[in-house]
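Dear colleague,

Please find below the structure that I am handing over to you. My notes on what was found in it follow directly after.

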Amino acid sequence: MQAAFDLAEAGIKVCLVERTLSVGGRMAQLDKTFPTNDCAICILAPKMMDCYRHENIEVLTFSEVIAIEGEIGTFKVKISKKPRFVDEAKCNGCGDCARVCPMGILNKFDMDLRVRSGAYVPFMQAVPLIYALDRAKCMRCGLCESVCGQDAIRYNQKEEIVEREVSAIIVAIGFDPFDPSGLTEYGYGKYDNVITALEFERLICAAGPTGGHVIRKDGREVKRIAWIQCVGARDTRDNRPYCSSVCCMYATKEAILTKEHYPEAETSILYTDLRCFGKGFQEYVNRAEDDYGVEYIRGKPGEIIEKENKNLEIFYSPSSDKVETLEVDMVVLSTALIPCGGVEKFAEILGTELDGYKFFKLKDPYNPTETTRAGIFVAGYCQAPRDIPECIAHGSAAASRAMEVVLGGSFL
Amino acid sequence: MTEALRIGVFICHCGTNIGGVVDVPAVAEYASTLKNVVHAECNLYTCSSDGLESIKSAILEYELNRVVVASCTPRTHEPLFRATCEEAGLNSYLFEFVNIRDQCSWVHMHEPELATEKAKDLVRMGVAKAALLEPLEELSSEVIPSAVVIGAGISGMTAALSIAKNGFYVHVIEKEREMGGLLRRLYKLYPTEELADLFLEQRIKAVAGHERVELHLAASIKAITGYVGQFKVVLDENGAEKSIDCGVIIVATGAKELDPEGLYEYDGERVITQLQLEEKLRRDDLNLDGLENVVMIQCAGARGEVVGYCSKICCMNAVKNAKLIKDANPDINVFIAHNELQAYGEEYELYYRAAKKAGVRFLRFPLETRPKVRKRDGKQVVDVFHDRMQMNIPLDADLVVLSVPLVQNPDAERLSKLLKVPLGQDRFFFEAHVKLRPVDFATDGIFLCGTAQGPKDIEESISQGYAAASRATIPLAKGYVLSAAITSWVDEAKCVGCGICESVCPYGAIEVVDTEEGRRARVTGVKCKGCGTCGSSCIKKAVTMHHFTDEQLIAQERAAFATEEVVS
Amino acid sequence: MEEVNVIGFLCNWCSYAGADLAGVSRFQYPPNVRIIRVMCSGRVDPELILDTFLHGADGVFIGGCHFGDCHYLEGNYYAEKKIEMAKRLLKVAGVEPERLRLEWVSASEGGRFAAVMKEFTEEIKVLGPIKFDIERLEAVHIAAADYKLRILATKERELLEGGNKYGEVFTQHEMDRLLDDMVQEVYESKRILLKLKKPKSVKEIALDLNLKPNEVFRHILDLRRHELIEIHEIRDNRPVYIANTREDVE
């Protein structure tokens, strides 16, 4: 969005293609952001609206790039607009369809912690606020059509292929959280109360599935939580030796938020190296320890065992070569953030190379937004792990390269 | 107001969203009885194309000079209705929005009569304000199509070249005689281990050689005045005074190493800093055959010792230098005493492992018990408290290298005052928003990049250089900036020049200046964001906040409950 | 319980958005509040708040951004102090300061906004419709426009944090005492000014307001110096004063 906005403000026309139903990306799923503890959606939503309403930006949501021809200065991009089964021009976001739809489906945006109906928007602040029908689960019962005041339901809507001619392309497809089910020692998917950090984010979010209450599967609110760092990261086993860069800080944030909601709760972060290198990070960690009483324990757990009362016992080895245990009622796995599933296929469409870890490869390590194909630039996490301000700067950086192409006729 | 008010009110059903709770026709009926209202109607969806047409034709037919729409929320739809008014020839600031959905029908769903009464009250309040609205214009101010970049380090050079490529003239101001900044002192860069000199040479050539870049070396800044689009920078270039007019300014003044005077037995000879080590490596001055033991100490002066922050790059920089020493002479023992190890991101973990493989030894100490340096027989011993083993390890060291943090340049304070931009708690320049606007200052037209903003590596400095270029190109490419119409204005007859308004404005938009009548506050419209803090602080009530004037707000609140005066 | 009237001034970027979110999420709350949008909570002037109480409001609510979130960076810090000033003025006028409430609500706190509206409306219902002595409330209303109180309300934050021009930092306790004293001073002065809509002598005013004559006289001198009052006539060897109604003097 930042890249699109900069370009649009400079007078350049932009087509912004987003795979999901709404712009906003992962930041919309967060409750707050470190180290300022800003409310994520509050500071994000104006940017989403700015982008959507900008006269120079065409936003295509629920769309994917399927083919690219040509070269820098004269790309021809084919985009598939997937059918929402709702007439975008008519839908006014009133939500009447969602209220009558009988289907209940796990909402991906809420990390499957909440049910949405078959007629839905991914979250209430979605931009555009245009509903969609979940075709896979739709029964065609016709209730939504009958209540829609705008006559916007279109059961027979088809995929639409559109073409755009552009001088440059920017790829900013973000990341996926690593799925820790394969790491059996942590019991994710097996034990009731082992969750991932992004799931925790949805729980603690005031607009989330539990209204900001951190609740276990048995309905009890948490009293003791532990975060486990480097889950799936810095791991040579699975070819993921890199550090996701943001997990130490997001765990600190989640622990602080927990303490704000539950001042009596005990919060522990089990880490290997504490990555507190950014602006304000060390001060944030100091606050967490001194003001909030968050406990930092150096020692990566070897095993987690579920007890009868569904509490969890963590076995870890701190500095003193002993094995210690910590009993908690919830474990949050600070999972690695990894390149999106399906990125290899997308890179093929783009004609750009990926590196060994599936991040977009740079032509030159000191030109941080240039991919291996001239005219295609990359921004954000999909090129390398970075936090929000770094992603925004990177987005602007990619925009400046694209500006050079359009304004300066620079074809390097 | 010389002409008679002719207010049109449009109440929206929003399908059943409003109409299902609020008796919309009754509200419209009521609206038509209000003073100055000459037309009131209901729409099913005022924002639909026929709703908008209805507004436009009503403006023409009833010669409306104020429009009130009561529907959803201004946060999404105000721009749309304002644009509609403008299309019908009515100034867009003569439009008022009344929220009867998100803040009425949707939250009082089970109390339709009370919701209807509330809607009537809200409409009455909106009409009362609309009666006092004045037309406002967004003023356009030209942007001089050139930029000034302060600092010719890697981020400044990156920004300058990018802006020049976009077609704009760039003045690069550098206080030293040579370009390159801190990079001039480096030997090799991590993780590629390429030579800093070669790396820098290419880039300096590209920047200095560009036809639209003008260099000002050995220059210091004397004064900066103006605002976005119209800055004037006065400098002393090598003894001569020069004045540059530009549209945007980028601060890329870099950082310097902390001077570890008094720490760890620092003497600049046997106990040195990493940059001093780099210089020795560059000059091949290290006597690698004579060295036996090198000990590097991380976080020297950082993370609670002298400065509070972590300087991000010292860990990897030490790893690089350690590895280079090992590669040059594998017989030298190289130790890095560290606390956390900041090997973040994609490549640094692997580089760290490569250093380990090359034989660099890492010892972790707890932050509460930092290493101590003792001098002994012309050499040093570094006592490192080993965290895992919980015991002191004394390390012999011919050479001790302190990884000190980057700190702000001493002249930054002066520059921050010249530009009227803030420094943060850590003394680095403070950006507009820590999360969302990392390379902007709160003041429009001034941008920031590189280590001047905070410690960072070369790749990130380059990224920020490009980012600042992108942000700076926006006003340059547009050619103009619009001052928002919702700004403040000072009645100089009432103003006494006390300066309280100036002290509360975070944008420097209202300043006390010399006038013929004496010292008075004046607003630079282009800088004002319309928050109103100056207005509520003014001791003489001399400040008017356009579109949210005292009179308008008073009219709104008085109309909320008192019905008599406002009904015709 | 009787119905009560509540006015809410909400800042555009956070609390107004939070109120909208409450609507989007259909969180219900009592329909007693009438909302007025301002761009920033820092816009809210104590004078405006007191005018609102004078014109039918039983409760006034101000919504702003959490500290650090203010769209205009620092407006909410100033808002906090101005509203504290307004509370002091309410108290000295004999109105319950709890009728004025300041709350930070972010754009994502829809549920919280509705909860706060419910809670505040309940509180006001329990307090009941506002009762005030119009002279006293009018006095603090014009006191809020007085330059002394406006300076203090704005400078309070700076004095507490950064210190004054001598580098002396005030403690909250010292600040409270200073402000309470000033509020009392200015309030008395304005009450006297209002009384002088009709000609009165120092003795008459002292009796009316239950103040010592020398206290009244101190205010009279100050009011005269600012040309807010003048001598009307001499009666029984005593000066009788009257408020100045000249147009060019505020």
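**Nonpolar cores**

In the largest nonpolar core, which holds 124 residues, Val67(B) and Val123(B) touch the most other members. A nonpolar core here is a set of buried Ala, Val, Leu, Ile, Met, Phe, Trp, Tyr and Cys residues joined through side-chain atoms within 4.5 Å; buried means under 20% relative accessible area, exposed over 50%, and partly exposed in between, with a 1.4 Å probe and protein chains only. Setting aside neighbours within four places in sequence, Val67(B) has contacts (heavy atoms within 4.5 Å) with Gly8(B), Phe10(B), Ile55(B), Ile59(B), Cys85(B), Leu90(B), Leu94(B), Phe95(B) and Glu96(B). There is also a second, separate core of 120 residues, which includes Cys243(A), Met249(A), Val319(B) and Ile393(B).

**Conventions**

Please note that this is a predicted model, in which local features need pLDDT of at least 70 and side-chain atom pairs count only at pLDDT 80 or more, while totals for chains, interfaces and linings use all residues. Residues are numbered from 1 along each chain as its sequence is written, chains are lettered from A and ligands numbered from 1 in the order in which they are written, and side-chain values use heavy atoms, with hydrogens and water left out.

**Helices of chain A**

Helices (H or I, at least four residues) and strands (E, at least two) are DSSP runs, numbered from the N terminus. Helix α1(A), residues 2-9, is mostly covered, with 7 of its 8 residues buried: Gln2(A), Ala3(A), Ala4(A), Phe5(A), Asp6(A), Leu7(A) and Ala8(A). In chain A, these buried residues pack against β1 (14-17), α2 (40-53), β4 (57-60), β12 (169-171) and α9 (388-408), and in chain B against α12 (458-478). Gly11(A), which follows α1(A), has a positive phi, near 95°.

Helix α5(A), residues 197-204, has 8 of its 8 residues buried, so it is largely enclosed by the rest of the structure. Its buried residues include Glu199(A), Glu201(A) and Arg202(A), as well as Leu198(A) and Phe200(A). The elements of chain A against which the buried residues of α5(A) pack are β2 (32-33), β13 (175-177), β14 (194-196), β15 (224-231), α6 (247-261) and β21 (330-335).

**Strands of chain A**

Two strands pair if DSSP finds at least two bridges between them. An open sheet of 3 strands in chain A has the order β5-β6-β11, with antiparallel pairing. Its edge strands are β5(A) (63-71) and β11(A) (160-166), each of which pairs on one side only. From one strand to the next, the twist averages 20°. Strand β6(A), residues 74-81, is joined to β11(A) by 7 bridges in the antiparallel sense, and Phe75(A) has Val166(A) of β11(A) as its bridge partner.

Further along chain A, strand β19(A) (residues 312-316) has 4 of its 5 residues buried, so it is largely enclosed by the rest of the structure. Strand β18(A), residues 301-306, pairs with β19(A) over 5 bridges in the antiparallel sense, and Ile305(A) stands opposite Glu313(A). These two strands form a hairpin with 5 residues between them, and Lys310(A) in the turn has a positive phi of about 70°. β19(A) is also joined by 5 bridges to β20(A) (residues 324-328), again running antiparallel; here Ile314(A) stands opposite Leu326(A).

**Chain B: a sheet and a loop**

In chain B, 3 strands form an open, antiparallel sheet in the order β18-β19-β20. β18(B) (372-376) and β20(B) (391-397) stand at the edges with a single partner strand each, so one side of each is left without a neighbour in the sheet. The twist averages 25° from one strand to the next. Strand β19(B), residues 379-386, is joined to β20(B) by 7 bridges, and Val382(B) stands opposite Leu395(B).

Pro366(B) lies in the loop between β17(B) (361-364) and β18(B). At 9% relative accessibility, Pro366(B) counts as buried. Not counting residues up to four places away in sequence, Pro366(B) touches Asn339(B), Phe385(B) and Asp387(B).

**A helix pair in chain C**

The axes of α8(C) (residues 202-209) and α9(C) (residues 213-225) come within 9 Å and cross at roughly 115°. Axes are lines fitted to C-alpha atoms, for helices over the stretch in contact, and angles run from 0 to 180 degrees between N-to-C directions. The contact is made by Val202(C), Ile205(C) and Ala206(C) of α8(C) together with Pro213(C), Val216(C), Phe217(C) and Ile220(C) of α9(C).

With kind regards
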